[in-house]
Amino acid sequence: MKKINKDTVVAVVLGGPSAEAEISRVTGGAIAKALRELGYKAKEYELNPMTVINDLQAMGAEVVFNAVHGMYGEDGRLQSLLEAAGIPYTGTRVMASAVAMDKCATKRFLVAAGISTPASMILMRRESKDLETIKKNILERFGLPVVIKAASQGSSIGVTIAKDEAEVLPALKSAFELSENVLIEECIKGKELTVSMMEEDGDIKALPIIWIHPHSGVYDFKTKYTKGMADHYCPAPFDDKTTAYVQSLGIETYKALGLCGVARVDVMLADDGVGYVLEANTVPGMTPTSLVPEAAAAVGIGFPELCEKILLSAR
């Protein structure tokens, strides 16, 4: 691949058929604007999975900045098409993207790697005929509250923290409508943290930890993307030992899943000081309320510079 410079035509791919398309458009628009401010030839492209390669070739795209959240952008499908066409792109490769997008697959990798993660059970749609029995098993094994997650959605879509028995069945039905598989997890009480990793010259560096304190008590889709609905503490006010511990969980997860470029790992830090990895995000949000730009800013990396660093990591 030839070296990326200011004459390189950069296609910022955004939108698409995902439930997260609107957020992706905000992310992609902000990235394209920042790159243009730095002098790059950045053009937004609304993802059409049926014609994407022909469209990119027609616009003269030499490199893709992937800003597609959820379906296609994070599950390996777009990456596979780009690799087949020989177009370099930002972020994680095909297989690792598919694994990280699937919460059940991620869980299996984390367990296999010995990385601390909440106790769980995985349900497949073919097992969903008798939800009453499944509900009984969940309550016996995990009690309440319990976390029920659609496996293949991002931005907390299809995630329910069931606090009483009456919420379990509706949560299961909703999750199975969105996903083939459903992940059930113990509910860890503690601090909700996120740690972002950047890859530069082959080194994986963890950015400052962000402690997220949602006003509603739940960091759901609305809270994530509505300004003022959560307090963020960055860098999180921890001692050096705790900071290094949480950052090491992020880096271990990054390596175990085979991630590339910039990625974000979400961690629950229990009251006893044990950290539990929840999931990884391979195309993190880059909106005004997003976490990666906030963490980067805490170490003096402005938004345009962050976008440039991500772009230059494309391969």
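Which helix does Asn54 lie in? Asn54 belongs to helix α2, which covers residues 52-58.

## About the model

This is a predicted model, in which local features need pLDDT of at least 70, side-chain atom pairs count only at pLDDT 80 or more, and totals for chains, interfaces and linings use all residues. Residues are numbered from 1 along each chain as its sequence is written, and side-chain values use heavy atoms, with hydrogens and water left out.

## Overall build

Let's start with the whole chain. The protein chain has 11 helices and 13 strands (DSSP runs numbered from the N terminus: H or I of at least four residues for helices, E of at least two for strands). Its radius of gyration is 19 Å, close to the 20 Å that the globule rule gives for 315 residues, so the chain is as compact as a globular protein of that length. Here the radius is taken over C-alpha atoms, and the rule is 2.2 Å times the number of residues to the power 0.38. The C-alpha trace spans about 60 × 45 × 35 Å along its principal axes.

Of the 315 residues, 52% count as buried (under 20% relative accessible area, with exposed meaning over 50% and partly exposed in between, for a 1.4 Å probe and protein chains only). Among contacts (heavy atoms within 4.5 Å) between residues at least 6 apart in sequence, 67% join residues at least 24 apart.

## Two nonpolar cores

A nonpolar core here is a set of buried Ala, Val, Leu, Ile, Met, Phe, Trp, Tyr and Cys residues joined through side-chain atoms within 4.5 Å. The largest one has 29 residues, and Val10, Val12, Ile31, Leu35, Phe65, Leu306 and Leu311 have the most contacts inside it. At least two residues of this core come from each of β1 (9-14), α1 (21-37), β3 (63-66), β10 (210-214), α10 (291-297) and α11.

Beyond its neighbours within four places in sequence, Ile31 is in contact with Val12, Phe65, Ala67, Met286, Phe303 and Cys307. There is also a second, separate core of 24 residues, which includes Leu249, Tyr254, Leu257 and Ala263.

## Pocket and cavity

Both terms rest on a 1 Å grid over the protein atoms alone: a cavity is a set of points where a 1.4 Å probe fits but cannot get out, a pocket is an open set with protein on both sides within 12 Å along at least five of seven lines, and lining residues have an atom within 4 Å of a point. The second largest pocket holds about 230 Å³ of space.

Gln247 lies in helix α9, residues 240-257, and counts as buried because its relative accessibility is 18%. Setting aside neighbours within four places in sequence, Gln247 is in contact with Val195, Ala206, Leu207, Pro208 and Ile209.

Asn54, back in helix α2, counts as exposed, with 56% relative accessibility. From Asn54 to Ala244 is 46 Å, C-alpha to C-alpha, and 190 residues in sequence.

How values were computed:
Points joined across faces, edges and corners; volume = space filled by probe spheres on them.
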